[in-house]
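Below is a predicted model.

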Amino acid sequence: MAFLELLVQLFISFILLQSKHCLSSKQPPIVLALRTQKHRTPISTPRLFSTTSKTTDKLLFHHNVTLTVSLTAGTPLQNITMVLDTGSELSWLHCKKEPNFNSIFNPLASKTYTKIPCSSPTCETRTRDLPLPVSCDPAKLCHFIISYADASSVEGNLAFETFRVGSLTGPATVFGCMDSGFSSNSEEDAKTTGLMGMNRGSLSFVNQMGFRKFSYCISDRDSSGVLLLGEASFSWLKPLNYTPLVEMSTPLPYFDRVAYSVQLEGIRVSDKVLSLPKSVFVPDHTGAGQTMVDSGTQFTFLLGPVYSALKTEFLLQTKGVLRVLNEPHFVFQGAMDLCYLIEPTRASLPNLPVVNLMFRGAEMSVSGQRLLYRVPGEVRGKDSVWCFTFGNSDSLGIESFVIGHHQQQNVWMEYDLEKSRIGFAEVRCDLAGQRLGLAV
């Protein structure tokens with residue numbers, strides 16, 4: 001019986017690889033609406049980073065906005081909504097009805113749902129990049145757990161299922177069917193069916209679906225942005241500036257080799273380049289200090305010396321323009337301690353200095369409202385509290401630079417897995433969505 005199961009899994013893997021080749025070579029791009037889902041209170045996303053104590057730990061990134069896409073899965077089709085996350089590998093869905101869940105995937109109702117035994121090659125070899133090792137449950141099925149820093153966890157079994165995006169029904173895709181545990185993200189759980197892992201790992205959604213390139217465009221308005229799977233070639237899109245992905249052939253204990261890692265080389269505020277040695281941006285011999293582009297994290301976090309230099313320069317250049325919130329103990333989301341008081345009657349923010357992130361071969365400009373974020377529910381007298389959207393990684397206990405999705409608003413972001421690079425160009429993402437036929 002075990003030998004038969006092994007043959008079945010090998011056959012499925014072969015079909016998946018053949019389908020992947022066909023999809024990547026012939027399939028026209030698939031366009032989906034990318035929605036910004038707002039939350040009344042901050043929710044948390046688990047992340048695996050190297051910490052300041054040089055131990056690997058799961059840390060929670062709090063955020064008020066997530067990026068979601070709607071698609072279908074199973075046979076017959078079931079509607080699902082997934083959080084887009086380039087910082088995760090394994091996609092997963094809630095498969096057990098809970099009182100607060102508005103959307104689940106029912107595997108019992110799908111003819112194409114296939115359980116994965118722990119003796120299969122998929123379970124034994126393709127899961128090696130997951131943050132926690134898989135195990136074998138009493139039914140001899142491939143079991144996995146996602147742990148959170150607050151000691152809560154969700155768990156389930158790996159399985160194959162077909163997902164339909166736009167007009168495309170993909171090959172049998174490995175995903176996690178979550179059926180037990182407790183998540184601290186009750187609000188996100190209530191609104192979404194699961195998570196779409198989009199990093200460079202072999203089990204990521206984009207790799208399994210066979211697309212070697214994908215793009216997204218995040219709107220700063222209450223309208224749809226864009227998720228595009230495949231080649232983006234549009235006359236209205238400016239030429240992209242590319243920065244290469246950092247490849248690490250030798251495994252290092254604190255370097256995530258399946259993350260979208262790029263090389264940050266400096267930061268400029270208006271015309272002033274921060275006076276920092278380039279070595280502060282380079283990962284050390286353990287791999288700590290890498291720069292990751294992450295759609296699952298809301299804001300951008302910089303290592304302590306870099307953050308301190310940026311904070312000092314931004315304060316200097318906004319003196320007399322913005323009123324600083326002088327409350328030393330107020331730190332937004334545990335890492336953002338530069339905040340301001342702004343009258344809610346203002347039609348727009350004052351002119352602010354542009355912050356340029358200087359990557360190898362390309363720059364990303366962060367300006368206007370991408371620099372400040374209004375903290376929900378925080379007022380001082382008649383003033384609203386707005387915080388600088390760059391935070392201190394050291395305050396979170398991590399040794400990484402993380403480029404979050406708030407700074408990526410109104411930027412066309414292309415992930416080119418074929419050429420190992422990320423490209424970007426400024427564009428109005430709400431208008432891009434309209435041009436691609438997405439409803440506002």
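Cys339 has Cys387 of strand E26 as its bridge partner. The two strands concerned, E22 (residues 339-342) and E26, pair in the antiparallel sense over four bridges. Strand E26 also joins strand E25 (residues 372-380), again antiparallel, through five bridges. On that side, Arg380 stands opposite Asp383 in E26. The hairpin of E25 and E26 has two residues between the strands, and there Gly381 takes a positive phi near 65°. As for burial, six of the six residues of E26 (residues 383-388) are buried, so this strand is largely enclosed by the rest of the structure.

Arg380 has a further contact to consider: it lies over the face of Phe330, at 5.4 Å from the ring centre.

Another group of strands forms an open sheet of four, in the order E18-E17-E23-E24, with antiparallel pairing. Strands E18 (272-273) and E24 (362-366) stand at the edges; each has a single partner strand, so one side of each is left without a neighbour in the sheet. Within the sheet, E17 (residues 264-269) and E23 (residues 355-359) are joined by five bridges, and Val269 has Val355 in E23 as its bridge partner. Helix H5 (residues 304-317) lies across E17, E18 and E23, running at about 15° to E17.

Leaving aside residues up to four places away in sequence, Val31 touches Val226, Leu227, Leu228, Leu436 and Leu438. Of these contacts, Leu436 is 405 residues from Val31 in sequence, yet the C-alpha to C-alpha separation is 7.5 Å.

A search of the whole structure finds 19 aromatic pairs. Among them, Phe234 and Trp236 are stacked, 5.0 Å centre to centre with 5° between the planes. Phe234 is partly exposed at a relative accessible area of 23%, and Trp236 is partly exposed at 22% relative accessibility. Phe332 and Tyr373 also form a stacked pair, with 5.9 Å between centres and 15° between planes. This pair links distant parts of the chain: Phe332 is in the loop between strand E21 (323-324) and E22, while Tyr373 is in strand E25, 41 residues apart. Both Phe332 and Tyr373 are buried. Elsewhere, ring pairs link Phe105, Tyr113, Phe163, Phe175 and Phe205 into a cluster.

Methods. Residues are numbered from 1 along each chain as its sequence is written. This is a predicted model: local features need pLDDT of at least 70, side-chain atom pairs count only at pLDDT 80 or more; totals for chains, interfaces and linings use all residues. Side-chain values use heavy atoms; hydrogens and water are left out. Two strands pair if DSSP finds at least two bridges between them. Contact means heavy atoms within 4.5 Å. Axes are lines fitted to C-alpha atoms, for helices over the stretch in contact, and angles run from 0 to 180 degrees between N-to-C directions. Buried means under 20% relative accessible area, exposed over 50%, partly exposed in between (1.4 Å probe, protein chains only). Rings of Phe, Tyr and Trp (its six-membered ring) pair if their centres lie within 6.5 Å; planes under 30 degrees apart count as stacked, over 60 as edge-to-face and the rest as tilted. A charge sits over a ring if NZ of Lys or CZ of Arg is within 6 Å of the ring centre and within 35 degrees of the ring normal.
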